[in-house]
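I opened a notebook page on the pockets of this chain. My plan was to look up the linings first, then the chain as a whole.

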Amino acid sequence: MNKIINILFTILPMWVLASCYDDKGNYDYIELDNVEISMQDTVYATHFRMLELDADILFEGASEEDYTFSWRLWSNGINGVNNKKEIGNERKLVYRVEEFAGSYTLALTITNKTTEVNSYKTALLLVQSNITEGLMVLHEKNGKSDFDLVMSPYFSQRVQQDEILHNVYETENGEPLEGRGVSIDAFFSIGRYQDVMVLTDKGGARLSAFTMEKSYDIATLFPQMEDWKPENYLYWNYYWSPGRFGFDALISGGRFYLYSAIGKDFTSYTEPILKDGLTYKASPYAPKWFDYYQGILYDELAGRFLGIEKNTYILKELAAPTAVQPFDWNDMHATLRYMDTGYGKHEFGLFEDWESHELTLYEFNFDTKPNIAVAKYPASNCPNLKNAKFYAVGDLGPLFMYADNQNIYRFDYNGSKNEEKLYTLQKVGEKITSMQILTIFVDRYFTSHPYNNKVLLLSTYNESTKEGKVYMYYINVTNGTVDLSSEKVLGGFGEILDMGWNYPKYN
């Protein structure tokens, strides 16, 4: 029996071999190519910039024309491999990097057009951010609002050449910014949060200051969207703990809404508690440099300042003075036309009397609670102040500037008390649409910046050409003298609606 089995096992292989031999010529056999791909293991790229990469490919027995090429990338994060993105179909990759800073896989697939056989090569792609400190220009062009980010050695030592990132919101978030722009500014709390807030008449968004990726829609942070009438956005940090705390506020429809970025106190913009029948209408302007309070606003109804005491969230009148004061902050009897932090880290507010309409510049020190009044400076010798539309204060000298459509003036409030013309826009057809002194001082951690208070920023608009421009000049930090020889002009914008400073990454 065993002999029979052995004979069968011997015969069967021979029969199979014979069958294969007899079957020759029944199939077409194609010799597979030998393709070798060489590429660096780690590739570095920069967000918003061009990536050019040419793999070293050895084709044996074929030519490059016999193949197709596909470059793909995907995130190395969770589920990233399920979201592969094709970014090129030529042998040489030329791609404007849209991905945020992070780790990705870059893959090149080469496919033989005849055999459809694939060859692969992958590399680690590390994307670095090129977003740093710079001027955010919110503008409307062709009926759409968005903002550009201007990074320039003119006002920053972090860059070596001019670079402008256009339509940053839509580019980064894949969607247009809904509505007409109202305000853009930065939220800066060292070691915790650095964000950008952009507001429109339809809403807006909070963005990461490092990537400009949207963190929240305004509708998420502001549940009362039916009452949405944005007037201004304000940020301040807790005086002694800028690395731990930070608050900001939205002024919408005369109401004051407070938010804590930490999420401990408020997780959405919340109006303070009103007690004992208190009513108010918040000015778009408010103090930003103070301790002892979680927020301070100016009530246009009663002409007074109201404060939110720490850890109470209750809005009430500021404490009465304990010494003789140059004015009564609980009875200003005036409309607040402008306020910002200036020289000595004091707040400077321009008020228009309700009856006489006389203009007076008031100086406050909200740190000296309860005696916060410093001085008042009647502006009767400033004839062009009544027609001014734009204002700016410096914090390195006693500088208060104001502008109409064509001219910029200085109110020498600490000296002659007179008006001095500093600048006239010479471009025919253009009108000034905003004015700022570049003020980069943010808190006690970073007490200086090489360009703080040294740059005057103007935006203009030409109604005929529909072009907006940004003019930059170096100025004297004490008296505002404009160095006309330092003029730098950036064009190509639409109607500029607001400008704000994006702080660099410090943490």
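I started with the lining of the largest pocket and asked which strands supply at least two residues each. I found strand 13 (181-189), strand 17 (230-236) and strand 24 (334-341). Strand 28 (390-393), strand 32 (430-437) and strand 36 (495-502) also qualify. The model is predicted, and I kept that in mind throughout.

Next I looked up the volume of this largest pocket, which is about 1400 Å³. I counted 47 lining residues, and the closest to the pocket centre are Asp185, Lys288, Asp340, Gln436 and Met499. Sorted by class, this lining holds 30 nonpolar, nine polar and eight charged residues.

I moved on to the second largest pocket. I read its volume as about 380 Å³. It has 22 lining residues, and Glu358, Leu359, Thr360, Pro378 and Ala379 are the closest to its centre. Which elements give two or more residues here? I got strand 25 (347-353), strand 26 (359-364) and strand 27 (373-378). Strand 26 gives the largest share, three residues. By class I noted twelve nonpolar, four polar and six charged residues in the lining of the second largest pocket.

Last, I checked the whole chain. I listed three helices and 36 strands. The chain has 507 residues, and 51% of them count as buried. I then took the contacts between residues at least 6 apart in sequence: 54% join residues at least 24 apart.

Technical notes. Residues numbered from 1 in each chain as written. Predicted model: local features only at pLDDT ≥ 70, side-chain atom pairs only at ≥ 80, totals over all residues. Heavy atoms only, no water. 1 Å grid on protein atoms, 1.4 Å probe; cavity = no way out; pocket = protein on both sides within 12 Å on 5 of 7 lines; lining within 4 Å. Points joined across faces, edges and corners; volume = space filled by probe spheres on them. Helix = DSSP H or I, 4+ residues; strand = E, 2+ residues; numbered from the N terminus. Nonpolar A, V, L, I, M, F, W, Y, C, P; charged D, E, K, R; others polar. Buried < 20%, exposed > 50% of the residue type's maximum accessible area, 1.4 Å probe, protein only. Contact = heavy atoms within 4.5 Å.
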